[in-house]
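I opened the notebook to look up one residue and its surroundings, and then the chain as a whole.

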Amino acid sequence: MKKAGYVVTNEEWIQRYDSIYEKARQEWKNDIIARSGGNGGDVMNFFDIYSTTPFVMPTGDPVKKPAEGENTDTAIYVLSRVAGEGADRNAASGDYYLKVDEHQMLADICTYYKNVIVVINAGGQVDLTFMDEFENIKALLVIVQPGMEGGNAFADVISGTVNPSGKLVDSWAYKYEDYPSAAGFSHNNGNVEKEFYQEGIYVGYRYFDTFGVPVRYGFGYGLSYTTFAMGDYVIEKTENNGVKVSVCVKNTGKVSGKEVVQAYVSLPGGRMEKEAHRLAAYAKTELLQPGQEQTVTLKIHVERLSSYDEEHAAWILEKGFYGVFAGNSLENAELIGGIRLDETVMLEQVKNLFTKKDELEELEQETGKTSQREAEQKAQAAEKNLTVLKMNAADFETKEIIYRENCELTDPEAMRFVDTLSIEELISLAAGDPGKAQGGNLGAAGVSVPGSAGETHRCAIEKGLASIVLADGPAGLRLMKYYHVNAGKIVQMPFEFSLEGGLFYEGPTDLPGERYYQYCTAIPVGTMLAQTWNTELIRKTGAMIGTEMEYFGITLWLAPGMNIHRNPICGRNFEYYSEDPYMAGTIAAAMTEGVQSNFGCGTTIKHFACNNQEDNRMGSDSILSERTIRELYLKGFEIAVKESQPFSIMTSYNLINGVHAANHYDLCTNVARNEWGFQGVIMTDWTTTEKDESCTASGCMRAGNDLVMPGCFGDYDNIKKELEAGTLQMEDLKACIARLVSVIWKSNQYLEK
């Protein structure tokens, strides 16, 4: 703020807060170390306690009345929250809700200052009831967690140097209890063993919009310092039965700015009830000067209009009227035309998967409600003489999926190489190298690149197969800030050295040898990136990350995370993009395209699938219908795979309808490979096979989950034992290794051809 030309009147308070913050951090650290048995103890026990004990931001000293002569009537109040993997947040004071002293501080600020700006610096949503209480809160800025340039970006927006153009990617309810999953989510009902997705397809705006529940701020909402008008709507048919929507956007205000055009569709009634609206396409304008216009064109693919019919195991378009809406938010989207389909169409014939083992009662609309909305919109289109495109079922062809076995889904050239490997080499390549203590350095197991997450085995290097390095995310590359090289070897450091900027490390800092620094860019977290609604910007961000991967010799970035924001207190929401699968899929695809524009660099989309809570994340069973998992929780992954072919997919820790995601054949082979055509490698999340005897390395190989990470001797023993017993077939193991070989051959460990 000072760089931007502002005078900060309470620097003494801020300096005092710095010392309060540091004291709180030390107390938090000491508590975790004491409960985990001290440094040098069991790493896994330490990490479990660390990840389930999030740091609570201190409030600071009470705010005093401004001194005489303090010449400002404006105050900025920043509300910060911390969350992370391993634990969900709480709908309680100090987390989702304000603490008592935070509320008092905000009340005092609003008493002393005429104009108050509230800033939400948090990876997830918080309660905003205070917005109704204090009339002089003139602005609310949701910056999420904006990365290393966040301060400068904040000052640019506050000063008006840059006109904000972000839009929300989640619905902000009036109260937490309004979210349909609130009562049963995670620890809220005392049951973290089984998570019943009783809301079905009605997540986020699909629920609020369909059931008429008002929200404080809706999906796609966001303000600007200028105003825009949209008009001259044109909808046309395109090849492959798609729809093109053209919108003229004009800056009607006094300053330059960007706007986001959002297209939604409504689906007809029929045998299945459907959500009221669904995001189908979006695009961001260029920077428009006052009075300037731009025609924006959006393409709606026919798949965006489809629903999954469990009875016939098919993606279908039911006959009837499809409404097309456009605007700068869901709330402001107006009906601009429609599509009329003469008969029901089966787009894709698949087969029923993800069989439920538990009874599940899902939320349902009143029967006929979708048909009622359809009739109203059809009448409105006729009354306004809007364009209604005619589509004929005869113009569609049904795609029928051929399901091949795991062992059949390989590249012949890679398989020829795999046939030259010994059994010991095959088993070694199925997991990371435990000889490097990768299992003991959770999340920082790499040796070639200090602080990286892990490496593949080096057993076949003499046969020409490189070892590749994997680095964690999510907000850029996560590596050690520096390392030392002594006598030609990298000095290995304990796990604590790479955690929280070294806060938990209590070893020597005067290390032998020469110090090397690893400078990585800290980008905004996933939710913040999605709030740009700017896929071109995301591609550029990905390209930058890929460039850094090249510098450090990293092949796979363990990102982006793209699970659905099912509930606002999921601990890992910051890492994920949105409550909407289309938004998640398109942003992940753009990020992947950017990263993979650098030769031999690839992304790892994760966590596949239904990783929507963190409490008991390694044992929780996500129980949901096939329609729900296909339409919501797999759809984003499907879009990312089909649009960008990421190098890798990472499976999640949880079970899906009673089967571990890492051992789930339907998930890894039937869906990802047979239905979507995924060509890359599928890997486990770290230590997945070390926590539960029912999830094994051999189970991964049978499922088509190709790589167990970070690797432990128990994984090798399990694979060897099951090969000998005949419960794991050699052809399945070879198929998994062949897919790993295919990705390694594409990596930056080889010269670009």
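Leaving aside its neighbours within four places in sequence, which residues is Asn 534 in contact with? I found Lys 258 and Lys 284 in contact with Asn 534 once those neighbours were set aside, where contact means heavy atoms within 4.5 Å.

I noted that this is a predicted model, in which local features need pLDDT of at least 70 and side-chain atom pairs count only at pLDDT 80 or more, while totals for chains, interfaces and linings use all residues. Residues are numbered from 1 along each chain as its sequence is written, and side-chain values use heavy atoms, with hydrogens and water left out.

I then placed Asn 534 in the loop between helix H10 (526–530) and helix H11 (535–552); helices are DSSP runs of H or I with at least four residues, and strands are runs of E with at least two, numbered from the N terminus. Asn 534 has a relative accessible area of 15% and therefore counts as buried, a term that means under 20% with a 1.4 Å probe and protein chains only. I also saw that a polar atom of the Asn 534 side chain lies 3.3 Å from the backbone nitrogen of Glu 536.

Turning to the whole chain, I recorded 18 helices and 30 strands. The radius of gyration, taken over C-alpha atoms, is 26 Å, close to the 27 Å that the globule rule (2.2 Å times the number of residues to the power 0.38) gives for 753 residues, so the protein chain is as compact as a globular protein of that length.

Key. Buried means under 20% relative accessible area, exposed over 50%, partly exposed in between (1.4 Å probe, protein chains only). A polar contact is a pair of N or O atoms within 3.5 Å; within protein, one must be able to donate a hydrogen and the other to accept it, and residues adjacent in sequence count only if both atoms are side-chain atoms.
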